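Try each task before reading its solution.

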Amino acid sequence: MTSPKGCSKSAMIWIALDKDDYKDRLLLMHTEVPIGGSFQFYLKPGQYQVRASDENGCEFLQKIKVKDLVSTIQIKMVKK
Amino acid sequence: MKILFSILAFLLVSHVSANCKNGQIRAWDKEKGYACIQRFQSEFVDCVTCEGCNEKAPAFEKLLAGFPAAVYQQKSLPWWAQQGNFHYPNLHYPGAWTNKGNNPGIDAKFYPGKGEVHALKPNIYIESIHREKKFSFSFTAKEELSFLVTTPPLDEKNTWKGKIINNDRFEVDDIHYDYLFYDIRLPKDKMQFSHGLCATREATIKWMLQDLKEMKYPAIALQDFEEHWNVKIPDFPFYCIYPQYNQQLDAVLPVSISLEQSNLNRSLYVLIPHKKEPDVDEPQAIPFPILDSADVRPVVLIKYENMFKEWGVAFLGE
């Protein structure tokens with residue numbers, strides 16, 4: 001998966017349950033990734049949100065559906 | 001000979017006095033140091049909201065501490081924590097969390113893999129004499145490993161390959177990383193739960209930082225540790241710390257580094273939160289620590305050309 005072009009600084013990537021209600025939107029893991037860098041996470045089947053944000057307030061959100069028993073998803077952060 | 005005998009006797013007494021007996025708790029306080037106690041004694045605190053309150057008197061910020069995170073924000077949070085608070089109710093927890101029963105910890109049902117010990121954010125730093133040097137770092141366990149996240153991604157042989165850059169950074173696939181990072185689940189039966197200490201939340205973080213400093217972790221590693229765990233260690237009043245070092249971690253998660261003249265110093269602090277004062281009269285799922293963790297800590301005397309330093313904090317979750 002490739003991020004949309006946007007943030008210019010290293011970003012924090014947040015993986016959470018895909019819930020509209022704040023109190024249900026559990027954050028499962030997060031990691032800081034340099035722009036151009038990649039990370040890999042392992043998830044159980046379900047619906048998740050992948051959010052990236054940087055110090056300047058640049059932000060994007062992507063929703064993903066995981067079907068396999070344990071999925072490995074790689075995301076590459078694209079430069080602005 | 002007399003002087004030598006005196007020195008040996010002193011060392012023996014020091015070592016013996018650092019350990020506690022069965023039926024005691026090995027506790028630590030920044031001002032008073034180590035002590036062997038049977039139960040923590042909290043000072044009386046007239047709290048309005050006593051959830052996690054461990055200060056003498058409620059200051060203005062503490063009065064708001066019980067409000068949802070999206071309404072109240074502590075001062076001097078790092079930028080990512082201020083942002084995270086707006087989106088996630090459990091930003092100040094290390095992951096999905098459960099407070100049910102007597103054993104608060106990670107809510108493991110949300111995570112794949114197996115292993116009761118959720119090792120969160122082991123970060124690996126490098127201090128090298130080389131401005132540029134190729135390396136590979138492999139997790140060599142024969143069993144299937146329960147990784148949760150890795151940055152950058154591992155290859156099909158559970159390996160990071162790249163270069164050490166400018167003495168203290170990694171380059172993988174032409175991108176510079178301040179550290180290598182992974183989350184993983186590990187089996188509890190390979191860990192040690194006899195050496196360690198118990199302390200308040202604040203003292204717990206101070207002790208871990210001091211422990212890393214004594215093992216000569218670089219400044220960036222200490223800075224990252226403090227910034228991250230000040231936010232992510234949940235607001236329980238007390239913790240017991242069970243440090244896992246090379247001896248334990250090399251057995252459960254062996255690694256191989258392809259670079260000559262290298263050394264890897266590993267530290268993973270398993271934290272058990274306590275909602276109230278730890279008391280030896282109350283049965284515990286994990287016994288209170290009574291032995292000195294310095295006995296299992298690696299000795300860091302020799303400086304190698306390439307010093308890899310790994311720190312992490314872990315919580316239990318079943």
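## Exercise 1: A covered strand

Both faces of strand 13 of chain B are covered: B:Phe238, B:Cys240, B:Tyr242 and B:Gln244 are buried on one side, and B:Tyr239, B:Ile241, B:Pro243 and B:Tyr245 are buried on the other. Buried means under 20% relative accessible area, exposed over 50%, and partly exposed in between (1.4 Å probe, protein chains only). Strands (E, at least two residues) and helices (H or I, at least four) are DSSP runs, numbered from the N terminus.

A word on conventions: this is a predicted model, where local features need pLDDT of at least 70 and side-chain atom pairs count only at pLDDT 80 or more, while totals for chains, interfaces and linings use all residues. Residues are numbered from 1 along each chain as its sequence is written, chains are lettered from A and ligands numbered from 1 in the order in which they are written, and side-chain values use heavy atoms, leaving out hydrogens and water.

**Task.** Find how many residues of strand 13 of chain B are buried, and identify the strands that pair with strand 13.

**Solution.** 
- Step 1: count along residues 238-245; 8 of the 8 residues are buried. In a regular strand, side chains alternate between the two faces of the sheet.
- Step 2: look for pairing, which requires at least two DSSP bridges between two strands. Strand 12 (residues 197-200) of chain B runs antiparallel to strand 13, joined by 4 bridges; here B:Leu197 has B:Ile241 as its bridge partner.
- Step 3: turn to strand 15 (residues 262-274) of chain B, which pairs with strand 13 in the antiparallel sense over 8 bridges. B:Cys240 has B:Ile272 as its bridge partner there.

## Exercise 2: An arginine in strand 15

**Task.** Decide whether B:Arg266 is buried or exposed, and find which side chain makes a polar contact with its side chain.

**Solution.** 
- Step 1: check accessibility. B:Arg266 counts as buried because its relative accessible area is 0%.
- Step 2: list the contacts (heavy atoms within 4.5 Å). Leaving aside residues up to four places away in sequence, B:Arg266 touches residues including B:Tyr182, B:Tyr217, B:Asp250 and B:Glu310.
- Step 3: search for polar contacts, which are pairs of N or O atoms within 3.5 Å; within protein, one must be able to donate a hydrogen and the other to accept it, and residues adjacent in sequence count only if both atoms are side-chain atoms. The side chain of B:Glu310 is such a partner for the side chain of B:Arg266, at 3.4 Å.

## Exercise 3: Where the chains meet

**Task.** Work out how many residues of each chain are in contact, and which element of chain B gives the most to its side.

**Solution.** 
- Step 1: count; 35 residues of chain B are in contact with 34 of chain A.
- Step 2: look at polar contacts; 16 residue pairs (both at pLDDT 80 or more) are found across the interface.
- Step 3: assign elements. Helix 3 of chain B gives the most to the side that touches chain A, with 7 residues.
- Step 4: inspect the loop between helix 3 and strand 3 (97-98) of chain B, where B:Pro89 is found. B:Pro89 counts as partly exposed because its relative accessibility is 28%. Not counting residues up to four places away in sequence, B:Pro89 touches A:Tyr22, A:Lys23, A:Arg25 and A:Leu26.
- Step 5: check pairing between chains. Strand 3 (residues 38-43) of chain A pairs antiparallel with strand 7 of chain B over 2 bridges, and A:Phe41 stands opposite B:Val149.
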